[in-house]
Amino acid sequence: MRTNLQRHFSKAPDSIDRVNYVVLVLILSVFAISCKPKIDSFITKSDGIETKTIAADDSLEVYWKVRGKPTLLFHERIDSSGLEVEKFVELTLLVKKGKKEPARRLIMVQVLPQESSNTIVFDEATFTKDSIIFKGIKSPSRWGNFFLLKSVKSTMGRPWTVYHEGKKIELSSDSIPSFGLQGLNLAGPWEFRSLLTPEEKSDHQKAPVEVRIQAIIYHKSK
Amino acid sequence: MMDNVKTIVLLMFENRSFDHMLGHLSLEKLSPVNGLKKPLQSFSNSFEGDLYPVYNFPKDVRLPFDLPHEYDEVAAQLAWSEAQKKFTMGGFVKAYAAFTGVGPNARTEPMGFFKSTQVPVTSFLARTFCACDNWFCPLPTGTQPNRTFAFSGDTFKHKNIGLPTVPIDADTNLFSWMNRNGVRWRVYHDGLSFFALYPSLWPLVLGSNFRDYEFLASDVQNEAPESAPEVIIIEPSYQDAPHVGPDRPNDNHAPLAIGWGEDFLRRTYEALASNPARWAGTVMVVYYDEHGGFYDHVAPPRIDYKLPDTSYTFASLGPRIPAIIASPLVQGGSVCSTLLDHTSVLQLMAEKFTPGKPYSDTVEKRKAAGIGSVSVALTNPNPQPAPPPPSQPLAVQSVLGASIVNGPSGAVSQSFEAAALEMIKQYPNEVKEKYPELIQWKTSVDNARKI
C-alpha cells in the first residue's frame, strides 16, 4: 500500500503532493502511536457509582478501557504513618503491547469503618466587605454518594455559616458539633462564610488561609 | 579556614525536594532540621475539599510517571496568595491533578517522602556532616535555567527548551571562570554530560578534563596533590540522556527509584574518602538542581532575578532542595540554616580562588540580597577521618526494557538527544573516543525508529 501511495504521489502536482505527504505522515504517526499500550480510562465504582472510598462490606467494581493486554494487580495496604491507621486497596493496571514500555496506572481505594472522622478543607478565599468566603466541591469521584454527614464542627476558634445541599447551618466558635446537616451527602458543593474581625478587614493577610471543618461521617448502609 | 580547603567537589542530582528526601531527619529525630514533624496532617495540601498529607512511600519503586515541575507548574505549586501576600506551598496536588487529568489518590506521589532506611546514604551524609535546611533552587522553574544558573550565576531562558542550543554566558560559566583564574578542574561523568546541552562547551566536553566516572576512585588515590584537580564536578547518569542496554540512570530524576542514586552517592563518597590525606581538605557539596514537583513546606524567599535581556523577571527563588556539605571541615552532625542557593557554591569558588573579587555581578547581587556562601558551614578546625557509609544492600525494584523506540517526550530529554546527534555529526571521531556508547545508542535508535 505504501508503494502504491508513493506511486500515486509521484504523478500528482507539487501542492497536492505535499498535502498527501502530510496526510501520509499523519496516518503513519497515528499508526505508530496506536502501537503503544495505552490506558484510556481506569475507574473504580461501587453500586455503579464512581468512588475511591468504600466501607469494608462494599463490593468494588473495576472498569478499564485500554489498548493492549491488561493485567490488574491487587493488594491491601495498611498505613499507620498518620494520626489514625488507614486501610487501602491498591489496584495497579498494567497494560502491555509487544515490546513497548508498559502503561501503568494506580488507584488507591480507601476502606473506611462504618463511622469515621473527615476534614473538609478549602483553601481559595474570596472576600466581601465584611466576610471571608471559601467554597468548592468535595470530590464526588473520590467519595461517591455512600458517605453521609452525622455532625460538623468548627475547630478554628471562629464561627462559620455553612451552606450545603440547600441547607444552611451556623457553627459556633467553641467546637460544639452541629447535627443540622445530618443525613446529607459528604460529597458535593460546600460554602463557608465567616465575618471578618476589624483587624482582618484592614489587613486580609490576618484572615485564615483555609477553612477546615471537622465532620463525623457514616456509611449510608449503617 | 579557606586555606584548609584543597578540593571542592560538586555533585548535583536531579529533581527532589528537601522534605521528600531529608524531611525524615526531624520526623525521626535524627537531626534538628526544619523538616517534617508529627502530626503529618500539618504538612498537607488540599484539593477538592480533601486533605492530602505527606506520607511515607511504602517502598522504593519506580513511579508511574514523572511529576510536573516546569515553569507554569511550579507557579501553581508555590500557590501565591494575593490576600496573604505569600506562597502557601498549597498547589502540589492541584498541579499534579491538572497534569495527570485524573483525580489524585488519597496518597498521591507529590506528597510522598522517604524514611532514613530508604535513603540510607543521603541520610547518613546529612546527619554525619552538615545538612542545609534553607537551600533553595535559584529559580522557580525547570532544569535548564536552574542548572545554567548553578554553573554560571545567570540564565538566558526562563523555561526549558527542547533544542541543543541552551545558551550559557561565555565569561561567567564556571569553566571559563576556572580557566581564567588558573583553577585545576575536572568533570567525572557517568554517561553523557549535562554540559553537552551547551554547544559552546562542546570542545571542553570532548576534551581531556572530562573523564569517565569509573576513573574517579583511582584518580583520587593515585594523583599527586600538585597536579590533582582543585574542583571536581561529578555527574550521575541522567534519566533524560540517551541510554542503551543495561546502562542505568542514577540521577534520582523521577520516575526513577531512588536506590540507583543512593548507590551512586555511596560509591562517590567512598571514592573521595579513599585517600584520607586528600579527604582532609575536601568539601563535597551534594545538592539537587530543583525540586522535581515534590512537596516542600517552606515558601521560597522573594529575591528577584531579571534575565540579562530583561525579557523576564523571576520574583522569587524556587522550592527548597536537599543539600549536604560533606567534609571534615564542617561540624559533625550540624545543620546549616543560612539562606543558600546554587550561587552559594559560586561564592565559595570566589572566596577560595579569587579572594576579595566576587564571582560575578549577579552572584554579588544575590549575596547582597541575603544569600550566603557554602563557606559559612566550614567551621571545624579539627578534621576527623571519614566514617564509612552504610554498607547495607540497596533493594531497588525496577521495570526493565524502558524503550528507546518512542523517543524523548520532554524538553530536556529532547535537548539531550538533539545535542547527542549534533555532536556525533560535528565531532564523529571525538565522540567515538569519549562516548563510544553514544555510537551504539545511535545505531539502536536508527534501527528501532524505522517505521
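User: Which residue in strand 10 of chain A is the bridge partner of A125(A)?

Analyst: This is a predicted model, in which local features need pLDDT of at least 70, side-chain atom pairs count only at pLDDT 80 or more, and totals for chains, interfaces and linings use all residues. Residues are numbered from 1 along each chain as its sequence is written, while chains are lettered from A and ligands numbered from 1 in the order in which they are written. Strands are DSSP runs of E with at least two residues, and helices are DSSP runs of H or I with at least four, numbered from the N terminus. In strand 10 of chain A, the residue bridged to A125(A) is F134(A).

User: How many bridges join strand 9 of chain A to strand 10 of chain A?

Analyst: Two strands count as paired if DSSP finds at least two bridges between them. One of the bridges here links T126(A) to I133(A), and a hairpin of three residues connects strand 9 to strand 10 of chain A. Strand 9 (residues 125–127) and strand 10 (residues 131–138) of chain A run antiparallel, and the number of bridges between them is three.

User: In the open sheet of three strands in chain A, what is the average twist from one strand to the next?

Analyst: This antiparallel sheet has the order 8-15-11 in chain A. Strand 8 and strand 11 (147–154) of chain A each have a single partner strand and therefore stand at the edges. Angles run from 0 to 180 degrees between the N-to-C directions of axes, which are lines fitted to C-alpha atoms, for helices over the stretch in contact. From one strand to the next, the twist averages 30 degrees.

User: Which residue of strand 15 of chain A stands opposite S117(A)?

Analyst: Strand 8 and strand 15 (residues 211–219) of chain A run antiparallel and are joined by eight bridges. In strand 15 of chain A, the residue opposite S117(A) is I216(A).

User: Which element of chain A gives the most residues to the side that touches chain B?

Analyst: Two residues are in contact if their C-beta atoms, placed from the backbone, lie within 7 Å. By that rule, 38 residues of chain A are in contact with 29 residues of chain B. The elements giving two or more residues to this side of chain A include helix 2 (14–34), strand 5 (69–79) and strand 8 (115–122) of chain A. The most, six residues, come from strand 7 of chain A.

User: Why does G91(B) count as buried, and how many C-beta neighbours does it have inside 10 Å?

Analyst: G91(B) lies in the loop between strand 6 (86–87) and helix 4 (92–100) of chain B, and touches A76(B), Q77(B), L78(B) and A79(B), not counting residues up to four places away in sequence. A residue is buried if 20 or more other C-beta atoms, placed from the backbone, lie within 10 Å of its own, exposed if 12 or fewer, and partly exposed in between. G91(B) counts as buried because its number of C-beta neighbours inside 10 Å is 24.

User: How many of the eleven residues of helix 12 of chain B are buried?

Analyst: The buried residues of helix 12 (residues 343–353) include T343(B), L346(B) and K352(B). Their cover includes strand 1 (7–13), strand 12 (282–288) and helix 13 (361–368) of chain B. Helix 12 of chain B is mostly covered, and its number of buried residues is ten.
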